[in-house]
Each structure stands twice: as C-alpha cells, then as structure tokens.
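Hi,

Here is the model I promised to pass on.

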Amino acid sequence: MTEEHMTTDTTTPDSLGPLELAVPELSLVCLIGASGSGKSTFARTHFGRYEVLSSDVCRGLVSDDEHDQAATPAAFEVLSFIAGKRLDAGRLTVIDATNVQPDARRQLVRLARDHDVLPVAVVLDLPERVCLDRTATRADRNVGDAVVRRQRDQLRRSIRQLGREGFRTVHVLRTEQDVARAVVVRQRLLTDFRDQHGPFDVIGDVHGCRPELEALLDRLGYQLVRDAAGRTVDAVPPAGRSAVFLGDLVDRGPDSPGVLRLVMGMVAAGHARCVPGNHEQKLVRALEGKQVQVSHGLETTLAQLAAEPPEFRDAVLRFCRDLVSHLVLDDGNLVVAHAGLKQEYQGRASARVRSFALYGDTTGETDEFGLPVRYPWARDYRGPAMVLYGHTPTPEPEWVNNTLCLDTGCVFGGRLTALRYPERELVSVPATRVHYEPARPFPVTAELEAGSAARQRDPDDLAIIDVLGRRTVETTLAGRVTVREEQAAGALEVMSRWAIDPRWLLHLPPTMAPTATGDPDSPELEHPASAFEFYRRSGVRQVVGQEKHMGSRAVVLVCRDAERAAARFGVTDGASGAVHTRTGRTFFDAVTTEHLLTAVRAAVTDAGLWAEFDTDWVLLDAELLPWSAKAEDLLRQQYAAVGAAARAVLPPAVAAVQAAADRGLDVGDLLARTRERAADAEAFTAAYRRYVWPTSGLQGVQLAPFQLLATEGRRWTDHDHDWHLGLADRLVRAAPELFRSTRRIAVDTGDPDSVAAGTRWWRALTDVGGEGMVVKPLANLVRGERGLVQPGIKVRGREYLRLIYGPDYTRPEHLDRLRRRELGRKRSLALREYALGVESLDRVVRREPLWRIHEAVFAVLALESDPVDPRL
Amino acid sequence: MLLTLTATASPALPDATDLGFLLFKHPGRAQRFPSSVGVAHVFWPEATAARSTVALLVEVDPIGLVRGRGGRGSAESSALSQYVNDRPYAASSMLTVALGRVFGTAMTGRCDARPELVGRALDLEISLPALPARGGADLTQRLFAPLGWSVTAAPLPLDPELPDWGDSPYQDVRLAGRLTVATALTQLSVLIPVLDDGKHHWIGDDDVDKLLRSGGDWLPGHPERDLITRRYLGHHRTLVQDASTRFAALDDRPDDQADATPDATPARPLQRLRREAVLAALRAEQASSVVDLGCGEGALLRDLLADSTFSSVIGVDVSHRALAAAGRRLQLDRMPDRQRDRLQLLQSSATYRDDRLTGQDAVVLMEVIEHLDADRLPALSRSVFGAARPRTVLVTTPNAEHNVRYPHLAAGTMRHRDHRFEWTRAEFRSWADDVAAAHGYDVQFSPIGDDDPQVGPPTQMAVFRRSA
C-alpha cells in the first residue's frame with residue numbers, strides 16, 4: 001500500500017542530460033534553501049506566476065518591508081490563507097521561503113495535510129560560496145555571511161529528516177549544474193484515471209464468495225478463464241467494458257484465496273481495477289507479521305491462505321499493499337472508494353483521505369453490537385461526481401444524493417451486486433447461502449422478495465444550504481442562472497409553508513412575457529401582429545397560436561399507481577401524483593387530488609401512453625379551469641370588491657354631475673368621462689364573471705393539457721407543438737368531460753395573409769370574451785442567432801386586460817402610459833425561468849438527487865420574487 | 001371617490017346657499033383642484049335657499065398609483081401595487097387628502113364673508129356611496145353615532161349575480177346631524193381612514209399632531225378612542241402610545257383607564273401561559289442553549305433573553321419579515337453586547353435540515369406544527385429530531401377538543417385561518433409517540449391553561465427527551 005513517495009538526490013551526478021524532478025500534479029511544493037541559493041529564480045523558471053507564493057512578498061504585503069522579520073507570523077498567515085484557497089481549488093502551489101528551520105516546515109506539512117495534498121520538498125543545497133557571492137551582490141539586501149552560514153548549517157542538518165517530517169517527495173539539488181539541468185515533471189496522481197471512460201461494471205463487497213462472484217461475472221457477460229487446475233484466474237469482459245472492485249474481497253467467505261486469484265488475474269490482465277477495503281488493509285498487516293486482532297472473518301482468510309504456497313501469499317501481500325485508496329474515473333464523473341468519499345477528498349491524497357476511503361466517516365462511537373457508528377456522509381453529499389462504494393451491508397442499493405452503496409451483504413446471505421456504469425443498471429446474484437453470521441442482524445430475502453415498493457427508504461434529505469443564500473444554478477440551455485439572496489429568502493417562506501412535498505415538485509412553469517405594445521394607433525394594448533413580428537425577427541417562421549384558457553396554470557404528475565409512485569418518487573402516503581400551481585401549491589386537498597388523478601390516469605391508460613412511452617409516470621403542463629377553482633378568494637376579495645365599489649360610486653357620481661350640468665354649470669367633459677367609467681365598471685364586472693363557474697369538488701373542473709413535459713427517461717420539450725397538441729387531443733378523446741382541447745392556429749410569420757388570418761382568429765376569440773392566445777414557435781424549443789428564443793408570447797384580449805390593468809385601462813390617457821412598458825427584463829426573466837424549468841426536468845429524467853432537482857425548481861420560485869412589475 | 005355634503009335651511013342657516021361661503025366654493029361654479037392623489041372636482045348638484053349640496057368627486061389616477069410610487073417597500077402596501085384597486089372608488093385616506101386640499105380653510109373654522117355662521121350647528125347630510133367598513137358592519141354606527149350623527153349604512157353586495165358571495169366590505173352610508181361644517185369635515189377626515197384601516201402614505205410623528213389637532217375637541221371622550229387612535233396611526237405602537245398619553249391629558253376619564261397604553265395591556269393570557277409553561281419546561285430540562293424554531297416576532301425570545309441561564313438563544317423563522325420585526329421589537333441595535341452575544345436570528349425552515357441548529361440543548365416548536373400541512377410533518381421531524389437532535393424538544397399545539405369552549409368559534413372551524421389542522425389530544429399523542437419511537441426520544445405530555453375535565457386544556461404540550 002504505497003502512497004506517492006520518491007526521492008531524488010544528486011550527490012553524484014552521473015549524466016549531463018536533463019534532471020527530472022517528479023512532482024505530483026496537485027501538491028504543495030516547498031522550496032528549501034539558504035539565502036542566495038536561488039529559490040526565487042528556480043521558482044520563476046519552473047512554475048507559473050501565480051503558483052509561487054513568496055514569504056518575502058507576503059511580508060511586504062503586511063508590513064511594507066519584505067525583510068521585516070517581525071512581520072513573519074502575520075506574513076505566514078497571509079501566505080497559508082492564499083495557499084489554502086489554491087489547494088482547495090486543486091491548484092499546485094509553491095512556497096518560496098528559506099524553510100531551513102524544522103518549525104517552518106512543520107507548518108507547511110500541516111498546511112498540505114489540512115488540504116489533503118502531498119507535501120513535496122525541493123532542496124537547493126548549493127555550496128556556501130555560491131550563496132555568499134549571490135547575497136553579497138544583492139542590491140536590496142545583504143543578509144550577512146553569518147546568517148547564510150547559519151541557514152546552510154540548519155539546512156544540512158535537516159535534509160535527512162525531511163521524509164520523517166512528512167514530505168512524500170524530496171528532491172535535493174547540490175550544484176549549479178544540477179539546478180541548470182533540472183526539469184520539473186508533473187505527474188498524475190495515482191488516483192487519477194479521469195481519462196478512463198469505461199463503461200464499467202462496479203462490483204460490491206465479495207468477502208470470499210467466489211462462486212457468487214463467478215456467477216455475477218457471468219451475468220455481466222464476462223468469459224471466465226481457468227487454469228490447468230480448473231481455478232478461475234481471469235475473466236474477459238465484453239468489448240470495451242472493464243470491472244471495478246470496491247474492496248473487501250476477502251474475509252468471512254468460503255474462498256478468499258480463490259477470489260483474490262481471480263481479481264488479481266483480472267487486474268494484471270487490465271480487465272479490472274480494484275480499490276482496497278478495510279479487510280485488505282488488515283490482511284496486509286497480518287501478512288506483514290504485525291500484531292493484529294484476528295477477528296471479523298480475518299481468521300477464515302488466514303486459515304485458507306495457509307493452504308496456499310508462500311509465493312501466492314507474497315503476491316497477495318504485494319497486490320493488496322499497492323492498492324490505491326480510491327479512483328477518480330471518467331473525467332471526474334465517477335469516484336469509487338470502498339467506504340465512499342466526500343467531495344473534498346476526491347482526487348486528494350492524505351492519511352485521512354485514505355482512512356475515509358477505507359472506513360468511512362465514523363463518529364468514534366460504537367453501537368450496541370460493538371460496531372463503529374458511521375456518520376451518514378452521503379446525506380450531506382452535494383458533489384457532482386457519482387460515488388460508488390460498499391462497506392456497509394444494505395438489503396437494497398438506494399441512491400442517496402448521487403451516491404450508491406453496492407454492498408448487498410452477499411456473505412451474510414444477501415446478494416452480490418454490480419452497477420453498470422454509465423447505464424446505472426443494477427445486476428445482482430443471490431448468495432448461495434448464509435456464509436457468515438453477521439454481528440448486527442442483516443435483513444434478507446423475505447423483505448427483498450416482498451418487492452421494492454414496500455420497502456421503507458430514508459427520503460433524500462434537503463438541506464437549507466441547498467436553497468438559501470446567493471446561488472448559481474448551472475443550466476444546459478442558458479448557462480449559469482443566478483438567484484440573488486433576497487430572492488431566495490423570499491421564496492423560502494412560500495416553498496416551506498405553501499408548496500407541496502418537494503419530492504412531487506419536479507417542475508415549475510416559467511413566467512411568460514407579453515407581446516410588445518408599441519403601436520400607438522392600435523386600440524388594443526396587446527395585438528397579435530407584434531407577436532408574429534417578434535418571432536419573424538427572431539428567425540422563426542412557423543408559429544402556433546394557442547388559445548389561452550381561462551383558468552390557472554397547472555402541472556400534473558400522474559403515476560400508474562401509488563406503489564410505483566412511492567417507488568419512483570419516495571412518497572409513501574398512498575398518493576399517486578400531484579396537481580400543483582405555478583408556485584408549487586396544491587389545487588385541491590389530498591382526497592380530491594386523488595380523485596382527479598384517478599380520472600387523469602384512466603385517460604392516460606385509455607390513450608395507451610404508459611406503454612407508448614414505457615413509463616410509470618407522466619408529467620403534463622396544463623391549464624386547470626375554472627380560475628375560480630383556485631382563485632375564488634382573489635376573485636371575491638379583489639375583483640368583485642373593486643367591482644362593487646365602482647358600481648356603487650359611479651352611478652351616483654354620474655347623477656351628481658348630471659344635476660350640476662342641468663343647473664348650467666360648466667362641468668366640462670367630466671360628465672362624459674364619468675359615464676364612460678361607469679360603463680367600464682360594468683365591463684370589468686362582466687370580465688371577471690366569465691371566470692366564475694360553480695364547481696363542487698371536481699364537478700365542473702376541467703384540464704386543458706398542452707404539453708407533455710416528461711416521462712421516465714425522456715424530456716419532451718424538444719418535440720413540436722403539433723405533436724404535443726395531438727397527444728393532448730388523444731386525452732380529450734379518452735375523457736372529453738375532464739379534458740378540454742386547446743384551439744390553435746398555425747401562422748407563417750413571413751406571410752402577411754397568414755398573419756392577418758392569425759389576427760382575425762385572435763379577434764374572434766377575444767371578441768366573445770376569450771382571454772387571448774399564446775404564440776409559440778411551432779418547433780417548441782428554438783435557438784436563434786441571439787440564443788434561446790422566447791418559448792411563448794402572450795397576446796391578451798381587450799376585455800380580459802381589465803382584470804390586469806384595472807377597469808378604466810382602455811381610456812386613452814391610461815392606455816398611452818401602459819403602452820410604455822419595459823419588456824426587456826420580463827423577457828430575460830422568462831428565458832431564465834424557462835432554462836431552469838427545462839433543467840429541472842432534465843435532472844428528474846437523469847434521476848439526479850432530489851437536492852439537484854429542488855435547486856432548479858426553487859430557483860424558479862425565487863426568480864419570481866424579482867421586483868419586476870408584477871402585473872406585466 | 002364621491003362625497004356629497006348637503007345643508008338644509010334652518011334658523012341657523014336661513015339661506016342654504018350660504019354653505020358656499022363656509023366652504024369658500026361658489027355654488028355657481030364647477031372647479032377642479034389637482035392634488036397628490038388625483039384631480040378633485042367640486043360642483044353643486046343643487047343650490048337653492050332651501051337646500052344646497054356640494055359634491056366632491058376625486059378622479060384617482062389608477063396607473064399613476066402603481067407606477068408613480070416611490071421607493072417604499074411594496075410588502076405592506078401591496079394593495080397599492082395592483083392596478084385592480086378599490087382606491088379610485090372607495091372612500092379612503094385619499095379622500096381625506098382631497099378634503100384637506102379642497103376644504104382645508106373651512107375645516108379651520110374660518111369664514112370671511114359670513115363670520116357669524118362659523119360657530120353654528122347646521123342641519124347637514126353627508127353621503128358616501130362606497131365607504132369601506134373593515135371590522136364589522138356596525139362600526140360605522142359606533143364611530144359616528146356618539147358624535148351626534150344619525151347613521152344609515154346599507155351594506156353593498158359583492159356581486160348581485162353571485163349572491164353566495166355575500167356582502168362586500170363597502171357600505172352606502174348617509175349621515176345626518178346638526179354640527180358645524182368645520183367639525184363635520186374634520187370628523188370625516190379622521191374617521192374615513194379609520195374605517196378603511198389602510199393608509200396610503202407613510203405614517204409618522206406628524207400624524208400624531210394631526211390627530212390631536214383634528215380630534216382634540218371630540219376624540220378624547222369618544223368611546224372608540226383607542227380603536228380610532230390605533231387605526232389612524234397605522235397600528236404603530238410607539239405612535240399610538242404617544243397619542244394615548246397626550247389624549248389622556250385632555251381626558252376626564254379616570255386614570256386607570258387612561259393609562260391603558262398598549263404596553264400595559266396584558267397579552268392574551270393563553271399566550272403568556274404558553275410561554276411560561278415552555279420556559280418552566282426548559283428550566284426543568286436544564287437547557288442552556290435553546291432554538292426557538294418559528295420564533296415569529298420574538299415574544300418567547302424576549303423571555304429567554306431575560307433569563308441569563310439561557311446562554312445561547314437562536315430565533316429561527318421562515319419569514320424574513322418576521323425576523324426583521326423580531327429584531328425591531330427586541331431592539332437589537334440597542335441591546336447590550338453581553339445580551340446581544342447570546343442571541344442569533346436565523347432565517348431557516350423546519351422542513352429543511354439546517355446544520356446551524358445542531359448541538360443545542362433544546363428546540364422549541366411553540367404553535368408551529370399546525371401551520372404546516374400534515375404531509376410535511378415527516379420532513380419537520382427528520383430535520384428536528386433526526387438531524388438537529390437536541391436533548392430536548394418542546395412542541396405545543398392547540399387542543400381541538402377545547403374549541404367547543406370558545407363561543408365565538410363556529411363548530412368545525414379552527415382558531416386561526418392559517419392553521420392546517422388542529423389535533424385532539426389523542427391525535428397529538430399518536431403523532432408524538434410515533435416521532436419519539438422513530439427517532440429515539442421519550443415523550444411526556446402536559447396541559448397548558450385550564451385543564452377542562454371534559455375537553456382538556458386549550459393548548460397541549462409534548463416534552464421529548466432524547467433517550468439514545
């Protein structure tokens with residue numbers, strides 16, 4: 001079990017070629033040498049400008065004097081702070097200081113260990129004369145010969161101790177020629193296999209269960225290779241694949257030597273990789289003859305190995321000792337370690353990284369069975385890389401925040417399990433029998449046979465740090481979308497107090513920009529021509545105008561049944577989906593929601609969508625009607641109340657003005673205006689009344705779906721709207737009472753006749769009180785020359801807009817000002833929210849951890865707290 | 001907005017058109033006055049010696065109302081940020097502004113042309129076709145009747161075509177009485193915003209002066225003085241206190257009543273009993289670090305800070321606004337360092353795991369769980385009992401059985417409109433027992449408030465102690 005460890009010492013130069021100094025790619029390089037030994041020049045020659053941190057410079061930063069020794073402690077704080085930030089970011093860092101005193105070096109070794117990187121020493125042990133000459137000619141400082149001599153003295157006494165001090169790599173350069181010949185060679189870490197892209201078959205804890213391992217390899221399509229004695233010595237993977245073993249090959253099971261022979265053969269042949277488990281670690285110590293407690297199954301392995309020839313035991317010792325704590329694979333997208341690895345430790349090297357990889361995060365306590373209490377590090381895991389591990393036997397592998405434990409307790413009578421990566425497909429074989437009685441009862445077979453839906457699982461857990469504070473969400477469509485802290489703070493209350501369970505909340509629809517309102521001659525505030533023109537200018541010829549339903553935006557998640565819902569989304573209270581608003585609130589109570597879902601499910605079944613999409617769930621974007629079903633309070637408290645006040649005050653006002661006019665007073669145009677306002681009040685009342693129709697329970701409630709958002713494994717927002725509306729029509733045919741069709745018209749934005757027809761269609765719709773239409777690019781998700789194109793533009797009807805801008809908005813003096821509205825922010829907001837909405841769907845479809853989905857969903861809600869004109 | 005004022009001829013006013021002199025408005029003219037709230041039109045629908053009516057019609061600019069607003073926080077005044085708004089129609093503080101603009105001189109009781117009319121009580125009639133009366137249909141009566149008005153207030157339906165929706169908050173109000181014009185106008189300018197209970201502008205010290213100036217003659221003895229003061233001053237505690245003290249000096253009521261400033265008003269006893277029970281339980285558990293999860297505006301925090309055995313107090317709320325209010329009420333900026341160091345206010349949520357809350361002795365959930373949908377409670381117990389895992393958790397919640405003891409509470413309704421559920425004692429126990437078993441806690445229950453032999457106490461408390 002080696003960590004990176006090497007030394008170069010050039011006491012006897014033997015060639016004049018380049019002198020290669022190996023330095024791990026990620027390390028803390030400490031230059032060591034007396035004043036005048038040429039450290040700064042060496043650093044400048046071999047490392048980048050920002051890679052080198054100089055103690056002199058830091059002294060200057062804190063005290064205005066590079067040589068002020070009194071400033072050294074403060075300067076070191078600055079230096080270690082900067083070094084820490086660099087190392088956290090995975091950047092090689094070089095410390096340019098004399099470092100001749102053990103105390104100074106101890107601090108640097110600690111710094112390296114605190115950030116889990118390897119400390120490297122490069123010693124410039126140049127002759128005294130060279131150092132003295134150089135310092136003597138320095139203009140800025142003459143440190144004095146005595147100081148140089150003392151430093152060289154300290155240095156020479158230190159050199160042999162460097163390894164003991166913790167430097168894993170030590171290079172010593174003793175002459176000016178050596179320095180001139182030196183070439184720094186950056187070496188990949190032993191854990192770094194980012195260039196290996198798989199596909200892999202990652203196999204959990206085997207524990208000496210050779211027959212099960214052979215069966216599993218067979219199931220995975222590997223060809224077993226046997227030696228003359230019939231023992232398996234290798235397994236040839238299907239083309240392109242290779243195996244990864246998660247450690248704990250040995251102990252407890254019936255044939256640890258057989259497992260070792262097979263795995264060692266596969267590793268030697270390049271058919272597999274392996275990380276060490278804690279059982280290998282202990283086996284190494286036992287084989288090295290060190291004092292170990294022979295328990296937890298080590299006794300079986302030692303007994304079995306005793307029957308093997310000494311050469312085999314030596315080979316086992318070498319194999320196990322050379323295993324590297326963990327592996328980083330596939331561009332950093334996959335990390336394997338026996339007991340898992342938190343993000344900060346991935347691709348790092350230190351004793352505690354190794355210890356975490358072997359034993360996991362332990363609290364230091366033991367449970368009632370005498371086993372160490374493990375800290376559930378995966379619960380806190382927020383890293384981008386998938387982490388696969390074993391170590392803790394679990395009856396059923398469960399994804400927790402993109403981590404998966406593959407130890408399914410084969411040796412305790414469970415199963416031996418592998419995960420196909422990147423397919424995320426689990427393959428397992430059952431244990432032939434209970435090979436070893438566990439210290440802690442291991443739940444097996446009965447529960448597993450009962451089917452996966454029945455099992456209890458610890459729901460993915462959301463942390464406040466997943467949503468609060470300033471956050472940046474990476475989206476495929478629009479890059480990084482930033483959520484400001486005050487927006488997140490505003491959304492937290494809404495999400496916590498009003499939204500449904502986050503496990504149901506897969507998507508929030510984006511806000512939609514209205515059409516431009518520039519035309520001063522138009523009697524309408526919003527006119528279809530400007531929407532068609534907007535798309536024409538964005539390079540979109542084919543658009544579809546869709547009727548804007550007089551309801552509320554609804555997202556409908558319906559599963560095939562409650563069991564599948566529980567299995568897929570983890571909510572086990574018997575619900576089979578959710579119907580929620582654009583702010584994540586449920587429309588109905590749990591019982592009513594289930595009734596609605598039952599009806600939706602029947603239609604989805606009749607339309608044959610389960611099989612067509614090979615899915616257990618369907619996520620629909622829809623409008624739920626009537627508006628009063630959700631917004632009766634708003635209609636009563638705001639709309640009806642305003643109507644009541646207006647209707648109460650305007651007729652007497654008309655009468656009063658009329659009486660004054662009858663008396664011959666010059667009331668100017670007040671009478672005409674007040675009469676018109678009285679008519680506006682009536683029109684306003686008529687407008688909101690269209691949104692009120694009696695519903696009781698679900699009686700009278702309708703859904704108008706217009707887009708299939710996602711099904712298992714697939715997001716559908718890249719399919720054109722004809723496809724989506726065709727699908728919606730199939731649902732309407734299946735359940736015409738419940739579903740409502742969306743009227744639509746295709747428009748060619750480049751054809752004036754077509755635009756005129758679209759405008760006529762809109763007018764016909766709105767003249768009879770319709771809300772208006774939404775114009776969308778027919779192709780749905782479209783990227784233009786200037787990036788993402790608005791997914792929809794709303795063009796609302798003249799009467800409906802009274803509900804937005806007030807009863808009197810049609811008066812010319814109001815209309816003129818309302819036309820002047822700034823759409824830039826609203827459009828930008830709509831695009832960002834759209835990108836986030838698509839992102840959350842993608843994350844659902846990729847089965848990413850809940851916090852990743854919730855992050856994007858929450859961001860939409862947070863952006864909605866943007867102080868943009870709320871009625872725009 | 002429309003207001004009409006009619007004067008009928010009487011011995012005090014032989015010629016009703018003289019109302020024009022009192023108001024400084026000529027009955028033969030229609031005038032318009034631009035003001036900060038819109039254009040005020042003044043005209044005379046009738047003007048005869050027997051009877052004269054002046055009308056004030058204010059055209060509020062609904063677009064300017066939304067777009068023209070300055071940098072004020074939109075949270076409190078969200079009604080004003082809506083284009084669909086009753087302000088252009090209903091009588092409100094905006095009408096008061098227009099009254100002051102148009103009839104300001106009349107209100108001071110000056111009349112240059114007919115000085116003899118100034119002090120005379122005249123037969124007046126006022127009509128307000130849409131007057132909001134928030135807080136009960138009889139409030140208009142209670143406010144105006146003691147001042148000598150006879151009040152006719154007809155409630156307006158929300159929508160005659162939707163009779164199920166019932167009445168709107170507006171009334172068609174007619175007032176008749178014999179008062180001086182100045183007093184009548186002044187009373188309107190105070191009582192209209194009080195009935196509306198929502199001022200459109202920032203309320204400050206000036207408003208206390210204005211209230212004293214306008215109401216000095218008639219408000220001190222008004223039976224609804226406290227309500228009027230409170231509402232007129234936008235419920236600002238310090239302003240209300242200030243005004244009450246100053247009114248007390250003008251008043252002839254006994255001292256004990258006059259001293260009833262809001263601070264001295266006892267909190268609803270149940271709230272106090274709850275806090276006392278929680279504090280007693282925390283002391284009994286010897287908790288020194290306490291998280292008040294769902295601290296609201298900080299009533300319990302104040303008690304915790306008053307006792308130095310609580311060395312660390314964390315107030316947590318999901319609402320940023322509530323935390324800001326707690327900071328103000330606790331006067332954080334003036335708190336001594338030693339006390340300030342014991343207190344942290346954090347925005348967080350009981351349904352998300354928050355590592356900042358681990359390692360504390362106790363977490364208090366006082367009247368919190370009933371504000372969460374029942375299906376979110378597992379998330380709460382995971383974050384509190386599973387992740388934060390304090391030694392002690394205190395949970396209080398209403399006892400639904402006790403609701404029958406509240407006569408004003410209709411059967412089957414809950415005590416607060418945001419309550420998502422109210423549990424019986426058995427329901428609470430069953431939840432608490434399950435949570436305790438799942439997370440390794442023992443739980444005990446105790447009543448808070450009068451433990452009624454039939455229906456139990458108004459509030460129930462569970463004390464969870466970590467057993468593992």
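How many helices and strands does chain B have? Chain B has 15 helices and 14 strands, where helices (H or I, at least four residues) and strands (E, at least two) are DSSP runs, numbered from the N terminus.

Some housekeeping before the rest. This is a predicted model, so to speak of local features pLDDT has to be at least 70, and side-chain atom pairs count only at pLDDT 80 or more, while totals for chains, interfaces and linings use all residues. Residues are numbered from 1 along each chain as its sequence is written, and chains are lettered from A and ligands numbered from 1 in the order in which they are written.

Chain B overall

The C-alpha trace of chain B spans about 90 × 55 × 45 Å along its principal axes. Of its 468 residues, 45% count as buried (20 or more other C-beta atoms within 10 Å of the residue's own, with C-beta atoms placed from the backbone; 12 or fewer would be exposed, and in between partly exposed). Among contacts in chain B with a separation of 6 or more, 69% join residues 24 or more positions apart; a contact means that the C-beta atoms of two residues, placed from the backbone, lie within 7 Å.

The sheet in chain B

Chain B has an open sheet of 7 strands, in the order S2-S3-S4-S1-S5-S7-S6, with antiparallel pairing (two strands pair if DSSP finds at least two bridges between them). S2 (31–35) and S6 of chain B are at the edges with a single partner strand each, so each has one side without a neighbour in the sheet. On average, neighbouring strands here are turned by 15 degrees against each other, direction ignored. S2(B) and S3(B) pair in the antiparallel sense over 5 bridges, and B:Pro34 stands opposite B:Val39 in S3(B). Helix H3 (residues 93–107) of chain B packs on this sheet, touching S1, S2, S3 and S4 of chain B, and its direction makes about 120 degrees with that of S4(B). For these angles, axes are lines fitted to C-alpha atoms, for helices over the stretch in contact, and angles run from 0 to 180 degrees between N-to-C directions.

Where the chains meet

Here 49 residues of chain B are in contact with 49 residues of chain A. S3(B) gives the largest share of chain B's side, 6 residues. That side divides into 26 nonpolar, 12 polar and 11 charged residues (Ala, Val, Leu, Ile, Met, Phe, Trp, Tyr, Cys and Pro count as nonpolar, Asp, Glu, Lys and Arg as charged, and the others, Gly among them, as polar).

Over in chain A

Strands S11 (residues 223–226) and S12 (residues 232–236) of chain A pair in the antiparallel sense over 4 bridges. A:Leu224 has A:Ala235 as its bridge partner in S12(A). There are 5 residues between the strands of this hairpin, and A:Gly230 takes a positive phi near 85 degrees.

Chain A also has an open sheet of 5 strands with mixed pairing, in the order S25-S36-S33-S26-S32. Its edges are S25 (513–514) and S32 (744–748) of chain A, each with a single partner strand, so one side of each has no neighbour in the sheet. S33 (residues 772–777) and S36 (residues 793–796) of chain A pair in the antiparallel sense over 4 bridges, with A:Val775 opposite A:Ile793 in S36(A).

Over to you!
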